[in-house]
Amino acid sequence: NELELIVRDWGVGIPDIEQARTPLFTTGNEERSGMGFTIMESFMDSVLVRSVVGRGTTVVMKKKIAPRAKR
């Protein structure tokens, strides 16, 4: 069994996905931690990011889950 979570936006996109995956990297103000990808990648089994500058970003996260026990 697997959980799949898809997050999509139609914002400005991510020009450099590898740089965005660097811990503490942010293009925002000081209220942002820049830990988003780092946190997602520590909890999920896979994180796939597709982004087109000017068109938006899609993040597909997958996590294997144990089958539910029968009662």
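Is Glu18 buried or exposed? Glu18 is exposed, at a relative accessible area of 55%. The views below come from a predicted model, and the salt bridges found in it number 3.

**View 1. Glu18 and Arg21 form a salt bridge.** Here the two side chains come together with an N to O distance of 4.0 Å. With its relative accessible area of 55%, Glu18 passes the 50% cut-off, so this residue counts as exposed.

**View 2. Arg21 also pairs with Glu41.** In this salt bridge the N to O distance is 2.5 Å. Arg21 sits in the loop between α1 (17-20) and α2 (36-43), while Glu41 belongs to helix α2, so the contact ties together parts that are 20 residues apart in sequence. Glu41 itself is partly exposed, with 34% relative accessible area.

**View 3. Glu18, Arg21 and Glu41 make up one network.** Take a step back to see both pairs together: the salt bridges share partners, and this joins the three residues.

**View 4. Lys62 and Glu4 bridge two strands.** Their side chains meet in a salt bridge, N to O, at 3.6 Å. Lys62 lies in strand β3 (residues 56-64) and Glu4 in strand β1 (residues 2-9), so the pair links distant parts of the chain, 58 residues apart. How exposed are the two partners? Lys62 is partly exposed at 27% relative accessibility, and Glu4 is partly exposed too, at 43%.

Notes
Residues are numbered from 1 along each chain as its sequence is written. This is a predicted model: local features need pLDDT of at least 70, side-chain atom pairs count only at pLDDT 80 or more; totals for chains, interfaces and linings use all residues. Side-chain values use heavy atoms; hydrogens and water are left out. Helices (H or I, at least four residues) and strands (E, at least two) are DSSP runs, numbered from the N terminus. Buried means under 20% relative accessible area, exposed over 50%, partly exposed in between (1.4 Å probe, protein chains only).
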